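Here is a short tour to follow in your viewer, one selection at a time.

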Amino acid sequence: MILVETKAARLTLNGRIYNMKQVETDSGTKYAEGTVVWSSTGEESFLVDNADSSHPKMLAEECHLQSSYPPAAHAAGSINGTATFGSTPTLPADAVLIVQLRDPSHDADDPAAVLAEERMPIGGRKAPILFALKFDPSKATAKVPFAVSASIMGHGKLLFVLVKAATIPDIANPAPVHLALSRATSKKGQTPASPVPEAPPHL
């Protein structure tokens, strides 16, 4: 049995426990206790006793990693896509593209509706903008089509907005999305409404 911890490993072989420390090497990850060295090239590895450097003794081959600490983090989901916003508009230096994964079963102004958010500085950049919206799959378990909304903010105001959110029918295997944002307009004295309200990320 092999238990890998931060810069250390505990290996059990034939009833004996080896408490090994990680050593720097150019040939892969190695852990050592005295002359006994555990070398790994991935999940398979071998244990060698180098007490006699001219005749190393192989103690175990094809060892398999049983567990690790800290535990590996849950794999993150990702929605990839592009965002466009007209021909060649001049964006202010502080322009930010905001992309959100939303749960439509919540009210639009409910912070719980925002499952993930990505904010990208895009001042001076031209469309299309590539983005990757990371999310926690464990939070996207509702039996509803999820949605991706987007907006561009700059100078403290809404510049462009995605009028209709893009639907994600299969959150477990999301296809790339293309978001065509429109220039935000407002009547005199009115503030343009945005389908991407200011809400803290919920990751």
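Start by selecting glutamate 117: with a relative accessibility of 8%, this residue counts as buried (buried means under 20% relative accessible area, exposed over 50%, partly exposed in between, with a 1.4 Å probe and protein chains only). Show both side chains and you will find them joined in a salt bridge, N to O, at 2.7 Å; the term requires a side-chain nitrogen of Lys or Arg within 4 Å of a carboxyl oxygen of Asp or Glu. By that rule the count is one salt bridge.

A word on what you are viewing: this is a predicted model, in which local features need pLDDT of at least 70 and side-chain atom pairs count only at pLDDT 80 or more, while totals for chains, interfaces and linings use all residues. Residues are numbered from 1 along each chain as its sequence is written, and side-chain values use heavy atoms, leaving out hydrogens and water.

Next, look for aromatic rings: the structure holds one aromatic pair (rings of Phe, Tyr and Trp, the last by its six-membered ring, with centres within 6.5 Å; planes under 30 degrees apart are stacked, over 60 edge-to-face, the rest tilted). Select phenylalanine 85 and phenylalanine 160, whose ring centres lie 5.8 Å apart with planes at 55°, so the pair is tilted. Distant parts of the chain are linked here, 75 residues apart: phenylalanine 85 sits in the loop between β9 (77–84) and β10 (96–102), and phenylalanine 160 in strand β14 (residues 157–161). Strands here are DSSP runs (E, at least two residues), and helices are runs of H or I with at least four, numbered from the N terminus.

Zoom in on isoleucine 79 to see leucine 133 of β12 opposite.

Finally, zoom out: the protein has 17 strands and zero helices, and 34% of its 203 residues are buried.

Methods: Pairing = 2+ DSSP bridges.
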